[in-house]
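Open the model in your viewer and get ready to select residues. This tour visits pairs of charged side chains.

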Amino acid sequence: MKERHFFTNYLKNQRDFEGISLHQADLQGLNLQRINLTRADLSGANLKYTDLSGACLAQANLTNVDLTKAHLVGANLTEINLIGADLSGADLTGVDLTNADLRCANLNNVNLSKARLQEVHLDGADLSGAKLCGTTIVNTDLSVADTQEICLEGSQQCELDETLSAHSPHWVSWSG
């Protein structure tokens, strides 16, 4: 489906675009709340300032996508490919990132409050300035990412038995 057909169908209130290819599409600033983009190819797309709150992007390919200051509150990002993506300043409050691939992603100043990071690949990711209040981290190795100045403000609880790694059965949960 071409980009213009996508827009036409979206304006007709269609929300199910499972498997669609929008490679390098310019979707900047659009309101795409609760859209289904399961297994979609959005690699190289421009999604700056786009509202994807409540969207389903499970198993989607978002390699090298620009999600700067995008809103993904409550989105399903399970098994998503975000290798090399720019999510700087994005709001990912309450997202599910189970089995997500965020290698070399820019997560600078991202809001991951109350998110679920389970078995997430973060090699070379930049998490500096990220907000992780209330975030649950399971079997995820934070030592492979830049975690300078991570914000844990308001955190009341931290359970960590050993260094977190992809092979560790232990988890950490911050709530605040």
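Start with exposure: buried means under 20% relative accessible area, exposed means over 50%, and partly exposed lies in between (1.4 Å probe, protein chains only). This is a predicted model, where local features need pLDDT of at least 70, side-chain atom pairs count only at pLDDT 80 or more, and totals for chains, interfaces and linings use all residues. Residues are numbered from 1 along each chain as its sequence is written, and side-chain values use heavy atoms, with hydrogens and water left out.

Side chains of opposite charge can pair when their charged atoms come close. A salt bridge here is a side-chain nitrogen of Lys or Arg within 4 Å of a carboxyl oxygen of Asp or Glu. The count is 3 salt bridges.

**Stop one.** Select E18 and R39. Their side chains form a salt bridge, 2.1 Å from N to O. Both E18 and R39 lie in the loop between helix 1 (3-11) and strand 1 (116-118), so the pair ties together parts 21 residues apart in sequence. Helices (H or I, at least four residues) and strands (E, at least two) are DSSP runs, numbered from the N terminus. E18 is partly exposed, at 40% relative accessible area. R39 is partly exposed too, at 44%.

**Stop two.** Select K48 and D66. The closest N and O atoms of this salt bridge are 3.8 Å apart. K48 and D66 each sit in the loop between helix 1 and strand 1, 18 residues apart. K48 is partly exposed, at 28%.

**Stop three.** Select R103 and D101. Their salt bridge spans 2.6 Å, N to O. Is D101 buried or exposed? D101 is buried, at 12% relative accessibility. R103 is partly exposed, at 35%.
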